Amino acid sequence: MPRPMIAWLAGALFASAAGAQSVNEDPHLWLEDVAGDKALEWVRAQNADSQKALTSDPGFATLRDDIRAILDSDERIPEVEKMGEYFYNFWKDKAHPAGLWRRTTLAEYRKAEPAWEVLIDLDALNAAEKENWVWHGADCLQPTYERCLISLSRGGADADVTREFHLVKREWIADGFFRPEAKGSLSWRDADHVYVSTDFGAGSMTESGYARIVKLWTRGTPMAQAQTLFEADAKDLGVWAYRDHSPGFERDFIWRAFAFYNNELYLIAKDGKQTRLDLPNSADKSVHREWLTLQLREPFSAGGKTYPEGSLLATRFEDFLQGKRQWTVLFEPTPTISLAAASWTRDYLMLSLLEDVKSRIEVLYPVSADEWHRSGLPGTEDIADLTVQPVDPDTSNEYFLTSTSFLTPTSLSLGEAGLREPELLKQLPAFFDGGPYAVTQHFATSKDGTKVPYFQVARKDMVANGANPTLLYGYGGFEVSETPAYKGSIGRAWLGEGGVYVLANIRGGGEYGPRWHQAALRENRNKSYEDFAAVAQDLIARKITTPKHLGIQGGSNGGLLMGNMTVMYPELFGAVVCQVPLLDMKRYNKLLAGASWMAEYGNPDVPADWAFLQRYSPYQNVRKDVKYPPVLFTTSTRDDRVHPGHARKMMARMKEQGHDVLYYENIEGGHGGAANNEQAAFMSALAYAFLKQKLF
């Protein structure tokens, strides 16, 4: 979660001129006061206007209820995590909007309607404590799994609390470990010790808002007396510690992150000594049992060889600690094939590959340090996304295989590497009739000649007459790949209404590995925008749609994409849905977690960086004398990752300039925009109602 039509030079010129405005002249800074009375009064006024404009549509209530029914459906596939003999699941439905943490056995899980044992009823907890806790996960201590660290967020924010829960007694441990609300973490070392990284007071958090200090905390002592293990710099992203509990391979690590895709890994010896592992900061580092693997984001030289970015390497961990630097190449990218993910069962390494953004799975088995047997899993339809999750990498070679595509409901299969092929366990019901539609892949040519793939979902009998309402979605950042997925709400709310849905795979994402991401970093951010514009232009050239019928949607970094599409290519689009966005790139690094993204975008406080950043900062570049497409901004007051001030200020500026804009801010919901299914359905229905009003 990219386009040219106006010449890039023209866009750069007007951006540069607008960007010269001093941040001190910004009349809307008061809207950055997240919970201030004046700001919230403004928010409620905008919400009221948007509700009046969108919820009065005759079909709004039905659409909202249909989306809610999809989200609440009991026929959804319960995602499970195996701990000990049980499979655990967190589940939300109409009767349990906050959710239930529950468990069952594999024998029960195989059934169409498993019997679940409820462990925590979050709705009941909220009622008892008069709170709005949102589930953030459970960490239970091996091998008995009797004690669990439960993380809960107030209203869906990234900041959360952690409490200790006794799984056998089904009760909170009154004098157990407790971490107060902060952007931090608590993880088990053993029954009487946890690693804690959190807000310890003044100076203990990084400029990005994450923990700067990690400590070892002993049961029965105050957290303030925990032993400091490591202190990162205030300019770092953050620091965390964790234990690998694999039987026979127990190890402790500290993970220090300078920025996204820039980190160090330290091994903690039994005597407490910390050793930084001599590994490239940009690589994904993973230790599993006797193996150390590296997924490279930059070329890496070792043992007299140089390995290209995007490669996956392996060596024995103990050999590495002893100074050996001989690596075995497990995967090397091609111009069309990249490594999406690598995950271990107990003895097998499973690779998820993307070939022109279409998935396949390879299974590797180490015969020796430099010889690995390779095989494949049975394929599925061409345009699908496959993901593999080990069931229990400590004890078995079983895995879950999830298959999803635009038109075929998601399925979950269970297999065992080296023994049996995956057998179907569960399949999502069809929330819409996929029969009338076809999925096709196309390639647009970007401004610099790069071929940019995109997927199109449309009726088989669609007429290419330029009159088809089309929704184009994009993200283009942080090496996140946008792949096919079954989404009942899109089928019901868009395809079923006669729309065409398009998913763009623009640079900045990870569809072709690190090179695709790095091609649009910092001063090259325009490549993402040129790519997205190229897809829009290709849809128009193929007579799928025309600008007055072409809408676009994106959130977070995709919201920044939407903002730049609005101000840089206004003539291409008929409507824009801009969700939880970044928009003021002059101040983004001073707002909440923004400082952690400077490796992606640049540092606006450095003149050389601001010279290019100002060209891609929608808030500075919006102008009164340009006709922009209608825009709906949505965000959340409780979003403590991307500050709601971005959307607030952009809305205020565009509204005072006389542009066609609407705004809705959910008072809860965190970065996802909604705290429960009711809120999610309402926010989704607002977006579709807006798009239908403007494009049909």
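Q: In the hairpin of β32 and β33, which residue takes a positive phi near 95°?
A: This is a predicted model, in which local features need pLDDT of at least 70 and side-chain atom pairs count only at pLDDT 80 or more, while totals for chains, interfaces and linings use all residues. Residues are numbered from 1 along each chain as its sequence is written, and side-chain values use heavy atoms, with hydrogens and water left out. Strands here are DSSP runs of E with at least two residues, helices are runs of H or I with at least four, and both are numbered from the N terminus. Five residues lie between β32 and β33 in their hairpin, and the residue there with a positive phi near 95° is Gly449.

Q: How many bridges pair strand β32 with β33?
A: Two strands are said to pair if DSSP finds at least two bridges between them. Thr445 stands opposite Lys451 in β33. Strand β32 (residues 437-445) and β33 run in the antiparallel sense, and the number of bridges over which they pair is nine.

Q: In β35, which residue is the bridge partner of Gln456?
A: Strand β33 also pairs in the antiparallel sense with strand β35 (residues 500-504), over four bridges. Within this pairing, the residue of β35 that is the bridge partner of Gln456 is Val502.

Q: How many of the nine residues of strand β33 are buried?
A: A residue is called buried when its relative accessible area is under 20%, exposed when it is over 50%, and partly exposed in between, using a 1.4 Å probe and the protein chains only. Strand β33 (residues 451-459) is mostly covered, and of its nine residues the number that are buried is seven.

Q: Which residue stands opposite Trp372 in β27?
A: Strand β26 (residues 358-368) and strand β27 (residues 371-376) run antiparallel and are joined by six bridges. The two strands form a hairpin with two residues between them. Opposite Trp372 of β27 stands Pro366.

Q: In the hairpin of β5 and β6, which residue takes a positive phi near 60°?
A: Strand β5 (residues 133-140) pairs with strand β6 (residues 147-154) in the antiparallel sense over seven bridges, and Ala138 has Ile150 in β6 as its bridge partner. Six residues lie between the two strands of this hairpin, and the residue that takes the positive phi near 60° is Tyr145.

Q: How far apart are the sulfur atoms of Cys140 and Cys148?
A: A disulfide is a pair of cysteine sulfur atoms within 2.5 Å, and the structure holds one. The link of Cys140 and Cys148 is right-handed, with 105° about the S-S bond. Cys140 counts as buried because its relative accessibility is 6%, and Cys148 counts as buried because its value is 0%. In this disulfide, the sulfur atoms lie apart by 2.1 Å.

Q: Does Phe532 count as buried or exposed?
A: Phe532 is found in helix α9 (residues 526-541). The C-alpha atoms of Phe532 and Thr306, which are 226 residues apart along the chain, are separated by 34 Å. Because its relative accessibility is 0%, Phe532 counts as buried.

Q: How far apart in space are Ala595 and Glu207, C-alpha to C-alpha?
A: Ala595 has its place in the loop between β37 (575-579) and α11 (598-601). With 11% relative accessibility, Ala595 counts as buried. Although Ala595 and Glu207 are 388 residues apart in sequence, the distance between their C-alpha atoms is 6.3 Å.

Q: What radius of gyration does the protein have?
A: The radius of gyration is taken over C-alpha atoms, and the globule rule is 2.2 Å times the number of residues to the power 0.38. The C-alpha trace spans about 65 × 55 × 55 Å along its principal axes. With 696 residues, a compact globule would have a radius near 26 Å, and this agrees with the value of the protein, which is 25 Å.

Q: How far apart do the centres of the positive and negative side chains lie?
A: Lys and Arg count as positive and Asp and Glu as negative, while His and the chain ends are not counted. Each charge is placed at NZ of Lys, CZ of Arg, CG of Asp or CD of Glu. The protein has 75 positive and 91 negative side chains, and the centres of the two sets lie apart by 3 Å.
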